[in-house]
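I opened this notebook to keep a record of what I looked up in one model. The entries follow the order in which I consulted it.

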Amino acid sequence: GKHKGRTTITKRGRKKLRALLFRVCMILVAKNTAFKALHAYYTQRPENPLKKMQSLIALCNKLIRILFAIGKKQFEFSEEKMLQDIPHMRDLELVKKAA
């Protein structure tokens with residue numbers, strides 16, 4: 001019961017691809033409203049808020065999953081659909097609409 005788990009990302013895989021993904025996520029957080037909202041949620045959530053770098057790495061993983069789904073299922077990216085598919089973001093949207 002004392003195992004803490006992994007707290008750092010591994011350095012396995014292609015380091016140039018990892019660096020490129022990180023740079024793309026930096027731009028997405030600055031320019032894309034959906035990724036900006038996710039980054040704000042991850043860093044400001046009440047329980048277990050992430051640090052900025054941790055949030056960016058989580059968004060890199062999210063971007064990989066989005067690109068894989070777009071390539072496999074051949075559909076267009078939609079910011080609204082991405083945010084609606086995330087349960088906690090859907091709850092935030094409902095709260096914002098009610099206010």
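**Entry 1. Basis.** I worked on a predicted model, in which local features need pLDDT of at least 70 and side-chain atom pairs count only at pLDDT 80 or more, while totals for chains, interfaces and linings use all residues. Residues are numbered from 1 along each chain as its sequence is written, and side-chain values use heavy atoms, with hydrogens and water left out.

**Entry 2. Overall fold.** I looked up the secondary structure and found five helices and zero strands. From the N terminus the elements run α-α-α-α-α. Helices (H or I, at least four residues) and strands (E, at least two) are DSSP runs, numbered from the N terminus. Of the 99 residues in the protein, 24% are buried. Buried means under 20% relative accessible area, exposed over 50%, and partly exposed in between, with a 1.4 Å probe and protein chains only. I then looked up the contacts, meaning heavy atoms within 4.5 Å. Among contacts with a separation of 6 or more, 55% join residues 24 or more positions apart.

**Entry 3. α1 against α2.** I noted an angle of about 95° between α1 and α2, with their axes 6 Å apart. Axes are lines fitted to C-alpha atoms, for helices over the stretch in contact, and angles run from 0 to 180 degrees between N-to-C directions. The two helices, α1 and α2, are therefore roughly perpendicular. For that term, the cut-offs are under 35 degrees for roughly parallel, over 145 for roughly antiparallel, 65 to 115 for roughly perpendicular, and oblique for the rest. On the α1 side I listed Leu28, Val29, Ala30 and Lys31, which meet Thr33, Phe35, Lys36 and His39 of α2. The residues of this contact divide into four nonpolar, two polar and two charged. In this division Ala, Val, Leu, Ile, Met, Phe, Trp, Tyr, Cys and Pro count as nonpolar, Asp, Glu, Lys and Arg as charged, and the others, Gly among them, as polar.

**Entry 4. α1 against α3.** The axes of α1 and α3 come within 9 Å and cross at roughly 100°. That makes α1 roughly perpendicular to α3. The contact of α1 with α3 has 14 nonpolar residues, no polar and no charged. From α1 I listed Leu21, Phe22, Val24, Cys25, Met26, Leu28 and Val29, and from α3 their partners Met53, Leu56, Ile57, Leu59, Cys60, Leu63 and Ile64.

**Entry 5. Two residues of α1.** Phenylalanine 22 is found in α1 and counts as partly exposed at 22% relative accessibility. Leaving aside neighbours within four places in sequence, phenylalanine 22 is in contact with Met53, Leu56, Ile57 and Cys60. The C-alpha atoms of phenylalanine 22 and cysteine 60 are separated by 6.3 Å, at 38 residues apart along the chain. Valine 24, also of α1, is partly exposed, with a relative accessible area of 34%. Valine 24 and leucine 63 are 39 residues apart in sequence, and I read 9.1 Å between their C-alpha atoms.

**Entry 6. α3.** I checked the span of α3: its 22 residues reach 31 Å from first C-alpha to last, close to the 32 Å expected at 1.5 Å a residue. The expected span is 1.5 Å times one less than the number of residues. I listed Ser55, Leu56, Leu59, Cys60, Lys62, Leu63 and Ile66 as the buried residues of α3, and these pack against α1, α2 and α4. Which residues does serine 55 touch, not counting those up to four places away in sequence? They are His39, Tyr42, Thr43 and Leu50. Serine 55 is buried, with a relative accessible area of 0%.

**Entry 7. Core.** The largest nonpolar core has 19 residues, and Phe35, Leu38, Leu59 and Met82 have the most contacts inside it. Two or more residues each come from α1 (15–31), α2 (33–44), α3 (52–73) and α4 (79–84). Such a core is a set of buried Ala, Val, Leu, Ile, Met, Phe, Trp, Tyr and Cys residues joined through side-chain atoms within 4.5 Å. Beyond four places in sequence, leucine 59 touches Cys25, Val29, Phe35, Leu38, His39 and Tyr42.

**Entry 8. Positive phi.** Asparagine 48, in the loop between α2 and α3, has a positive phi of about 55° although it is not a glycine. Asparagine 48 is exposed, at 56% relative accessible area. Glutamine 74 lies in the loop between α3 and α4 and likewise has a positive phi of about 55° without being a glycine. Glutamine 74 is exposed, with a relative accessible area of 65%.
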